[in-house]
Amino acid sequence: MLDFLGNLERTHTCGELRAEDAGKSVVLLGWVNRRRDHGNLIFLDLRDRYGISQVVLDKDLSPAGHAKAEQARSEYVVAAIGKVRVRGKDAINPKMATGEIEIVADEIRILNDTKVPPFSPAEDAIGNEEVRLKYRYLDLRRAEMQRNFEVRHKVSFAVRQYLSDQNFFEVETPLMTRSTPEGARDYLVPSRVHPGSFYALPQSPQLFKQILMISGFDRYFQIARCFRDEDFRADRQAEFTQIDLEMTFPQQKTIFRIVEGFLSAAFTAVGISLPVPFPQITYDEAMRQFGIDKPDLRLPGLTDVKAAFADGDLATLAIDPALPVVALRIPKVGELSRKERDDNKPLFDTRKGAKYIDDLKRLEKSFPDAVVKLRKLAKAEDGDLLIIIAGDAASHIQASDTKSAGRLSEREIAVYSAAGNFRVELAKKYADRHGAFAVTEQVVASPERNSGLADGSAAFRPIWVTDFPMFEHDPETGKWMPAHHPFTSPHEEDMDRLVSDPAAVRARYYDLAMNGLELGSGSIRIHRQDVQQQIFRALGMSDEEAKSRFGFFLEALQYGTPPHGGIALGLDRLVMILAGASSLREVIAFPKTAKAIDLMVDAPTPVSDAQLKELHIKTVLKS
């Protein structure tokens, strides 16, 4: 028999009461986490968002309450009315914040019962993620998930507070706009009142926030919902949230200072000190030192070891002397067996025209002096795994080796990239071996879990990467493509190279990386219409095409547009890092699966013919 709440009100949460509250009359409301029946005594662990309190029903003191507790089961919603009592010394539970007390209840009301759940929210881990997502409302009751969303709330609140204090206005931009593809596919929304026309859900508020700068808002931010119709990964969802901001008249360092400020505030909100300013590195140097444009500073970088070899040595080893020769070092892994070396082969990308040498004992037999120099250059210690990566002289990979204004060539980048990706994959594989560094674990509540990081590094290592290439060469079409969105400004001193030497043009573009993940990216924007048209033309876009796609924006640029710039950081990804989660799905309340399905609401689904007719749409399915 279920009870009504009546005029009963909660006096305390289930995580609030302590020994000093002994003797207080209290009303607790929540879910039964666990029930233990000891005959004349029944114990209910009552749970809400704030914690767990133990409720005791003594048959001798309250026969009616005991009888009601006999009916209760896990996940029943109950009210417990009684008094706080200090537990005996032998009964104290040090693992619970409320472990020194219990509530001796004289009344229990069962406010709702439950079907037998497919899993218990009291469990620490549930293996089947699809079941978790189908019954997300149960999954979100788990303490781990509640902690994740506490982190998310604190981060969002701290960011808003900081930016408001820095004179930023929060402005909402449209969720239905025109389709201006930015690299990924748009999600399209058909218009009922304009047959055959579609809105698009925004991939970002990019053009709107730039228009706000034209409008004189000076400083804008938004915790913005964005949508991209692209393949899913653990760190990617079709709909996501980003911390989006834009400023007028900024220098790059101004934007960095603002971002470092709100990130420091966000980290402080969850109990972590994040030193500022963050280190900076150019794109070319990031590739040379780490082989990747989102460096994980917890791992040792790449070391240039070409000097360890004589020219004849490189020829004997079939190494291309014109390309980089680098070493990667993984601390404390120890010597690999033949089987382990074979197992590592699939982790190396041979498509980039690079090769590697991981058996230094064998190499030492033919090149003893070179190995001694190698170890010295790489600062390798006993037990460190040392691997050499270089250009393969036998490779037939076609790539440009032309250097533009001192920048890395495509072939050099390919070798560095092969080394950088191999470095990250091996680091993940050997994270727990002989105390080797961990790559992916950060847990706010348990910083000691990060004590195995390389070189004693902190758990969170941000870095700015700047001066990216403005263009990328498409070997299939032979055209230069924008490496970023086409509203990114080139360096002023590179403007005269837009047509003559596109590979040399540096973008005023920057990324913020942390622990091997890209947190966000931004740029100083193009604020002059003539420069914007130059960029479109450099990309092979005719004036007519530019007007068709971006006419409203090009017109807005003609009305006194100030210099401006900004950035967008992934809120979901930031919270994932802070919560120590392995996937964005752990920090998004109602996420999609890897196949873009919402298992809880069963979406997407077909719609009725009547709805399609009203929207003037006909679907054609492939047989």
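Mentor: Domain bounds come from an automatic or database domain assignment. For this protein chain, the assignment gives domain 1 (19–112), domain 2 (144–278 + 567–610) and domain 3 (299–435). The C-alpha centres of domain 2 and domain 3 lie 38 Å apart. This is a predicted model, in which local features need pLDDT of at least 70, side-chain atom pairs count only at pLDDT 80 or more, and totals for chains, interfaces and linings use all residues. Residues are numbered from 1 along each chain as its sequence is written, and side-chain values use heavy atoms, with hydrogens and water left out.

Trainee: Why is Ile588 called buried?

Mentor: Buried means under 20% relative accessible area, exposed over 50%, and partly exposed in between (1.4 Å probe, protein chains only). Ile588 has a relative accessible area of 9%, and is therefore buried.

Trainee: Which residues does Ile588 touch?

Mentor: Contact means heavy atoms within 4.5 Å. Not counting residues up to four places away in sequence, Ile588 touches Arg136, Phe149, Arg152, Gln237 and Asp572.

Trainee: What makes H5 roughly parallel to H14?

Mentor: Angles run from 0 to 180 degrees between N-to-C directions, with axes fitted to C-alpha atoms over the stretch in contact. The axes of helix H5 (residues 206–214) and helix H14 (residues 543–556) come within 10 Å and cross at roughly 20 degrees. H5 is therefore roughly parallel to H14, given that angles under 35 degrees count as roughly parallel, over 145 as roughly antiparallel, 65 to 115 as roughly perpendicular and the rest as oblique.

Note on methods. Helix = DSSP H or I, 4+ residues; strand = E, 2+ residues; numbered from the N terminus.
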